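Please examine the sequence and the three-dimensional view that follow. The paragraphs below then lead from the overall plan to single residues.

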Amino acid sequence: MKKEILNRLFKDKLIEVYTNKNDMSKFHAGILEHIYEDSFIIKSYHYTGLTNGFVLIRNTDVYKINKDTPYLKRLAFLIKNIIQETIQNKYSELELSSTPDYGIDIVINECYKRNLLVSINLIYDVKIKGKIIKYDDEFIQIEQFSDYGDNEGISIIRYEDVENIYFDGLEENIITSLINEKQELL
């Protein structure tokens, strides 16, 4: 999707973004916040109206974007009327520049600098949760963690295999809290 089209039609709007042609029931819902040449970031919302961090989505993976749907109208109502009282968005003041650089580089660098736990969906339907410990132009090294905060070793993935990156969401912050609690017990 072209940057100009995204900016003109969807910037700061609540949208549905579809990336899985095989399952139309799955989509990302959120407000388009940052647009890059290769990707964009939406502030993600859970279907209950609670904020759910951010998602970096590559332009090449998008096959459809909707706005003003009944689902989004309901979600907008919930967002407006729900009190946000969860362990979330500790780092919502991320320094995500809106320069035309590659969004994936900006997000990976920022999450690495802040030691944020990320969930990375790969193009072959694999999800990795962990902290970025090293990266270069080709590879990302991740210390993996389970949903229970247990260390599951190190993985190395290729940049080009990344479909999207979730960060500062409910799931990521819950796992981070579990990791921190385990470290305090040591």
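What percentage of the 186 residues in the protein do buried residues make up? Buried residues make up 47% of them, where buried means under 20% relative accessible area, exposed means over 50%, and partly exposed lies in between (1.4 Å probe, protein chains only). This is a predicted model, in which local features need pLDDT of at least 70 and side-chain atom pairs count only at pLDDT 80 or more, while totals for chains, interfaces and linings use all residues. Residues are numbered from 1 along each chain as its sequence is written, and side-chain values use heavy atoms, with hydrogens and water left out.

The protein contains 4 helices and 10 strands; helices (H or I, at least four residues) and strands (E, at least two) are DSSP runs, numbered from the N terminus. Read from the N terminus, the elements follow the order α-β-β-β-β-β-α-α-β-β-β-β-β-α. The protein exposes about 10200 Å², of which carbon and sulfur atoms supply 50%; such accessible areas come from the Shrake-Rupley method with a 1.4 Å probe, and for residues only the protein chains shown count as cover. Among contacts with a separation of 6 or more, 57% join residues 24 or more positions apart, a contact being heavy atoms within 4.5 Å.

The next topic is the sheet. Strands of a sheet pair through backbone hydrogen bonds, either parallel or antiparallel. Here 10 strands form an open sheet in the order β5-β1-β2-β3-β4-β10-β6-β7-β8-β9, and the pairing is antiparallel. Two strands pair if DSSP finds at least two bridges between them. The edge strands, β5 and β9 (151–158), each pair on one side only. From one strand to the next, the twist averages 40 degrees.

Strand β1 (residues 14–18) is joined to β2 by 4 bridges, and the two run antiparallel. On the other pairing, 5 bridges join β2 to strand β3 (residues 39–45), again in the antiparallel sense, and β2 and β3 form a hairpin with 3 residues between them. Which residue of β3 is the bridge partner of isoleucine 31? The partner is lysine 43, while leucine 14 also stands opposite isoleucine 31.

Helix α1 (residues 3–10) touches β1, β2, β3 and β5, and its direction makes about 115 degrees with that of β2. Helix α3 lies across β3, β4, β6, β7, β8 and β10, running at about 70 degrees to β7. These angles run from 0 to 180 degrees between N-to-C directions, with axes being lines fitted to C-alpha atoms, for helices over the stretch in contact. The buried residues of α3 are Gly103, Ile104, Ile106, Val107, Ile108, Glu110 and Cys111. Just after α3, asparagine 115 takes a positive phi of about 55 degrees.

The interior can now be considered. A nonpolar core is a set of buried Ala, Val, Leu, Ile, Met, Phe, Trp, Tyr and Cys residues joined through side-chain atoms within 4.5 Å. The largest such core has 22 residues, of which Ile120, Ile140, Ile157, Val162, Ile165 and Phe167 touch the most other members. Elements that give two or more residues to this core are β4 (51–58), α3 (103–113), β6 (117–122), β7 (126–135), β8 (139–145) and β10. The largest share, 5 residues, comes from α3. A second, separate core of 13 residues includes Phe10, Ile15, Ile35 and Val55.

Most residues other than glycine have a negative phi, and most peptide bonds are trans. Aspartate 68, however, has a phi near 60 degrees, a positive value, and aspartate 168 has a positive phi of about 60 degrees. Aspartate 68 lies in the loop between β5 (64–67) and α2 (70–81), and aspartate 168 in the loop between β10 (162–167) and α4 (170–185). Is each of these residues buried or exposed? Aspartate 68 counts as exposed because its relative accessibility is 55%, whereas aspartate 168 is buried, with a relative accessible area of 1%.
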